[in-house]
There are 4 protein chains.
Amino acid sequence: MVGYAFMGRVHSQAWRSVGAFFDLPVAPVMAVLSGRSEDRTAAAAAQLGWAAVENDWKELIKRDDVDIVDVCTPGDSHAEIAIAALEAGKHVLCEKPLANTVAEAEAMAAAAERAAERGVRSMVAFNYRRVPAVALARRFVAEGRLGEIRHVRAQYLQDWIVDPEFPLVWRLQRDKAGSGALGDIGSHIVDTAQFVTGQKLTGVSALTATFIGERPLAEESAGLAAGAGEAGDTGTVTVDDAAVFIGRLSGGGLASFEATRFATGRKNAMRIEVNGSLGSLSFDFEAMNELWFHDHTLPAEEAGFRRIYVTESGHPYAGAWWPPGHGLGYEHTFSHEVKDFLEAIGNGTDPEPSFADGLRVQQVLSAVEQSAANESRWTPVPQ
Amino acid sequence: MVGYAFMGRVHSQAWRSVGAFFDLPVAPVMAVLSGRSEDRTAAAAAQLGWAAVENDWKELIKRDDVDIVDVCTPGDSHAEIAIAALEAGKHVLCEKPLANTVAEAEAMAAAAERAAERGVRSMVAFNYRRVPAVALARRFVAEGRLGEIRHVRAQYLQDWIVDPEFPLVWRLQRDKAGSGALGDIGSHIVDTAQFVTGQKLTGVSALTATFIGERPLAEESAGLAAGAGEAGDTGTVTVDDAAVFIGRLSGGGLASFEATRFATGRKNAMRIEVNGSLGSLSFDFEAMNELWFHDHTLPAEEAGFRRIYVTESGHPYAGAWWPPGHGLGYEHTFSHEVKDFLEAIGNGTDPEPSFADGLRVQQVLSAVEQSAANESRWTPVPQ
Amino acid sequence: MVGYAFMGRVHSQAWRSVGAFFDLPVAPVMAVLSGRSEDRTAAAAAQLGWAAVENDWKELIKRDDVDIVDVCTPGDSHAEIAIAALEAGKHVLCEKPLANTVAEAEAMAAAAERAAERGVRSMVAFNYRRVPAVALARRFVAEGRLGEIRHVRAQYLQDWIVDPEFPLVWRLQRDKAGSGALGDIGSHIVDTAQFVTGQKLTGVSALTATFIGERPLAEESAGLAAGAGEAGDTGTVTVDDAAVFIGRLSGGGLASFEATRFATGRKNAMRIEVNGSLGSLSFDFEAMNELWFHDHTLPAEEAGFRRIYVTESGHPYAGAWWPPGHGLGYEHTFSHEVKDFLEAIGNGTDPEPSFADGLRVQQVLSAVEQSAANESRWTPVPQ
Amino acid sequence: MVGYAFMGRVHSQAWRSVGAFFDLPVAPVMAVLSGRSEDRTAAAAAQLGWAAVENDWKELIKRDDVDIVDVCTPGDSHAEIAIAALEAGKHVLCEKPLANTVAEAEAMAAAAERAAERGVRSMVAFNYRRVPAVALARRFVAEGRLGEIRHVRAQYLQDWIVDPEFPLVWRLQRDKAGSGALGDIGSHIVDTAQFVTGQKLTGVSALTATFIGERPLAEESAGLAAGAGEAGDTGTVTVDDAAVFIGRLSGGGLASFEATRFATGRKNAMRIEVNGSLGSLSFDFEAMNELWFHDHTLPAEEAGFRRIYVTESGHPYAGAWWPPGHGLGYEHTFSHEVKDFLEAIGNGTDPEPSFADGLRVQQVLSAVEQSAANESRWTPVPQ
């Protein structure tokens, strides 16, 4: 694994736990953790349970005892690490968004395709696909329970930078993060919308905003945490604070998206509602064990959104854990991700979402930025 | 009153009830009902409690025993009736949207301005402003409880025409209704967003869709109800089934709107959420007695969206009815509207929302249609 | 109508409105209002729309222009007024609880039975039976959708006397009110539980509490409102502040009840959940347009409590009002009550809940008080 | 650890994970797993990550490499194992309910007291105390935010044995489980009620029911899972299916409890609401990351139950995991339990809930059974 901040911690918990709950074709061993800071990487490895440490990821991908590389760094290094790892014959799990630019994503998708021919697997870590409720939503749509899809409305609402004194962490810097709310959380709802509906966005029209243009410098900036710069020093926020966009689905439906870090009181509200001719689905990650389903084929007198508590043995992933009613948390989405990845490796299949899927999300994000820069004009997404 | 369909029925209930709950400066008398069909108008008058009947609204506005004209007809006749009534010196309450076109709305607003100089009052019936929870939301924003407004997301979701066999009622015909979901329900969320925030939309980018282009003819079409045409006859739907649009508020915030009649399972979900730097508000008409308020100035450990059950004596309108906890329904928004209108007449003030406010909504709707017809391009709203 | 406080106001609104929405076999005329205070009764009649006034209810029941007597007084006068009215051949609608004692209720039920033989109708005003969602719940149980009933848990939670300075209104005095939370709101959940399940309580075990024993005197005490006594004067609360009790249903299920005026934050939370072998139902009056239904016969993967928004044309009562999605309020339960009462009168049938039903509730309340006074011992309810 | 069924699996995950998220004074090593079946215990140890196996728990407590014994067996063996382990100088974490009888619980509490004098620690595993929202509720009450406690209503609703064909697993047999819903889940709500309020139940009045008296035999019965006996063989259910009881708190409030396995649609609804003179709290484990708080000291116009999403860094336990908004699941309550236990061992303090706390719960359960067997008569709980 490369990186040990927020994503590194939760991926570690997934690698540590997955074998106790799923019958896997290959058993993961937490071999090597890579990070630039010698002291911190060693401390993280000790705490998170990694057996060895490398301070240069290039050494890590050379090692014979490494079969899988899990890329948990900021987006600006994804392409370099992932491509090198694939070329070295390592299976690669890469955090999202796949890259900071379409060009990088294209290179990664090409590398993944080449690697796949040699049996080397790759997957982009859109973990929300592995929320049992989201996977169940996909199942319902695939089974035709919703009929023709007319509407998707998806939001990813957070509020962690509402305070103007919150410092200029790496996620607020374009060179490191690529974009702001758009790439960080907007990418999730774009992927989820395309995953659940089984359709692509054909184009978008968009607006973005940066509400607070200057912020105190952070001494360092890892993940969501950040220290303080020298008193009084500020820097410029170079990414969006929020993005709203509308689009069309390949099946003709309308879609509406909003990604923001300024929705006070919403902490991690990754929401999606899908309305079809035969039914509707609604999900909010802040109640992640629930999927709301409206079956429009029932008599009107007894129809209504029902709260499916997605903890039954027949639900995706859920049966592996506890008896019905004993809900899962955020981390379990990563355990499921790792489980699917290991199964694909063991079974010799290509896991999803692929790097090509990650590229498609990147193309949507790029179209959003283009539209926002061009009078919100309709901007097609390459298909 | 002119018209006795859905709106006529609920306005009648408001006129009938208001005096028993509010101390009014003028007491309403339900004098004359106007409708084209002699039989039906007489039957409606008997059922709804109107003392007399006119089959030509021009006769109605001539009568000396009529001081107020309540216009409850489809939008294509609003301008003619309302302007004539104002010129005849009658106070006018006009259903929304104010008109089917900006030109008509401009003429109406001009007529209203002239009438106001003579002490003749006019109001457009955006009844959702009079939901106690919505009025409370406005109060919170006006008091500064939300700080700077960063986001508005508003939706008006219905599902009554999902069935392709639902007939071609007047609301689906451009010549009568002006537009579809956009004008009928989109107008409400535009007005509510501007009312609650106290800001204007400066421009929009939009998409619209008509999912079902042909429908069975309706023999007649009054309100939401409709009979059947001859077997097999169909006609073309000439309005939008759904509209999604994004925009900017005059204060710099981002806004997102969606109006649709194809959201299966959502019956009358008029929703608005507002996020500000100090707090947030959330409302859904399907739970109309509740306003959700997040006070971001509280310590994070005890903050969260709270459900204010808007039935306290200190809440707008609510105190006039029952003790706390005994909620109101849809019709009461009209009782409150009529109460405010009568108070303005009695007190010699101009009620809100004015025809000018109605015009401003119409300008937004027009900008939405222009943008949708022009590659979703950013379309400013005249200020 | 006798009485014009809280109940009188809402009954008046029902009599005033019902004819505009329901086709009735007899048309109500709001003839005479009776109240002891000359001035106040006259003012109330003017505001509420009653044509005439009597200051002695005995005069009211002598009048030829009175066919129906609606008893909206405190419980201590129900028996005398209702029995006299029935004997005078007037149909009687009597507020709940039917009486303050079982003896009074027995006399009233006997009078009602005698009157029925002469075609004179009587009904006790358990208005919550006429919430569309509650009526729908009854329909589901009657249709067998829940299977065998295993559990009822019902609560009626209010908080209006939490403040120790709230005065000693009549509802806190045993001689006027009979009991406290138990009779006032506990009676509703007992009736609702028996109505929805179609079963009787066979016995109970109970605890009651009076949390605040002394309160300031109220100068006068009508309904929930109250003025202040002389500074410093207090009086003793002679009723329960809260009652909790458990019991068995005639079908073998367990039932749990709680009635309190000390549940801070709960304003009018009249709640009932019923669990059966095939499904469950849940209702809370604070969201009165919703019935939650779990269909246990569905596959576990797609089952869950669904929110039926009880505003469809096929739902009890709801179709008479507005299109789907436009909810009703507290007052409409009384319009429905009056509608059913008038239909029974017009059709020559005996309406429900009968005075005998009211007696049965009174017997449960009496058993609760006996059990609470007798070490919570199991106390059978006469069947 | 002794036992590897449901509880053993979740305890293992806690032992495995806790060190990666909390700074602990002692680092746990998963040394030995004990179970009677040689094959199954070995397989479980391999899957769950235990280094060694013993097939007799008496051998396990003799081992020098064992410092802590975690008792995850059915209740009938708790006393023997826990007392022996304590006497052997091992710290003991024991699953709930502490024992199957008061006598056993008394012996265990006495053994724990003796052991504590020698620095040997013991704790009973009422894991719901370690739900962050429940711990926060306790904090609010302890800080006086609720004022005087007037009401507790607690329910633990499940539905896993509604089907009459569900087999006679050990949890339905009195000799193994002690009691049914009462001991298994009723014990949790009794402990939680006493923990959150900081008060004791002084007495109870109770009803119990066994709805399905005969069930198919289970070939084996471990945890909630069960195989089938020979076709047609049935056995008698010797425990309660449901228990309802009411009681008084030591501070004078009223309490109401319900534990059932027959609430169709409720999967693991461990709920508690507390109403005090200054505020109220409400919790439902099916939405375990939420605590609802009503602050009655706010102006009535802005008060209401607020949803505190208990994922902030300042919330109990939550800060150790992920950024705000990324919720936890069922298993984390055990990680928190183990963390507190290890801290107490490392710091030389006695952890809570103690065996004495477990005894107090057992005394309540016993009083419930006595009352239910004795006409629901009020039955004091020894203090």
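**Exercises on the interface of chains D and B**

In β17(D), D:Phe305 is the bridge partner of B:Arg307. This is a predicted model, in which local features need pLDDT of at least 70, side-chain atom pairs count only at pLDDT 80 or more, and totals for chains, interfaces and linings use all residues. Residues are numbered from 1 along each chain as its sequence is written, chains are lettered from A in the order in which they are written, and side-chain values use heavy atoms, without hydrogens and water.

**Exercise 1.** State how β17 of chain B and β17(D) run, and how many bridges join them.

*Solution.* Strands are DSSP runs of E, at least two residues, numbered from the N terminus. Two strands pair if DSSP finds at least two bridges between them. Here three bridges join β17 (residues 305-309) of chain B to β17(D), and the strands run antiparallel.

**Exercise 2.** Describe the extent of the interface of chain D and chain B.

*Solution.* Begin with contact, meaning heavy atoms within 4.5 Å: 18 residues of chain D touch 18 residues of chain B. Next take buried area, the accessible area (1.4 Å probe) that two parts lose on being put together, summed over both. The two chains bury about 1300 Å², with 47% of it on carbon and sulfur atoms. Of the area that chain D buries against chain B, 45% comes from D:Glu301, D:Glu302 and D:Arg306, more than from any other three residues.

**Exercise 3.** Find how many salt bridges cross this interface, and describe the one made by D:Arg145.

*Solution.* A salt bridge needs a side-chain nitrogen of Lys or Arg within 4 Å of a carboxyl oxygen of Asp or Glu. The rule finds four across the interface of chain D and chain B. In one of them, the side chain of D:Arg145 meets that of B:Glu302 (2.8 Å, N to O).

How values were computed:
Helix = DSSP H or I, 4+ residues; strand = E, 2+ residues; numbered from the N terminus.
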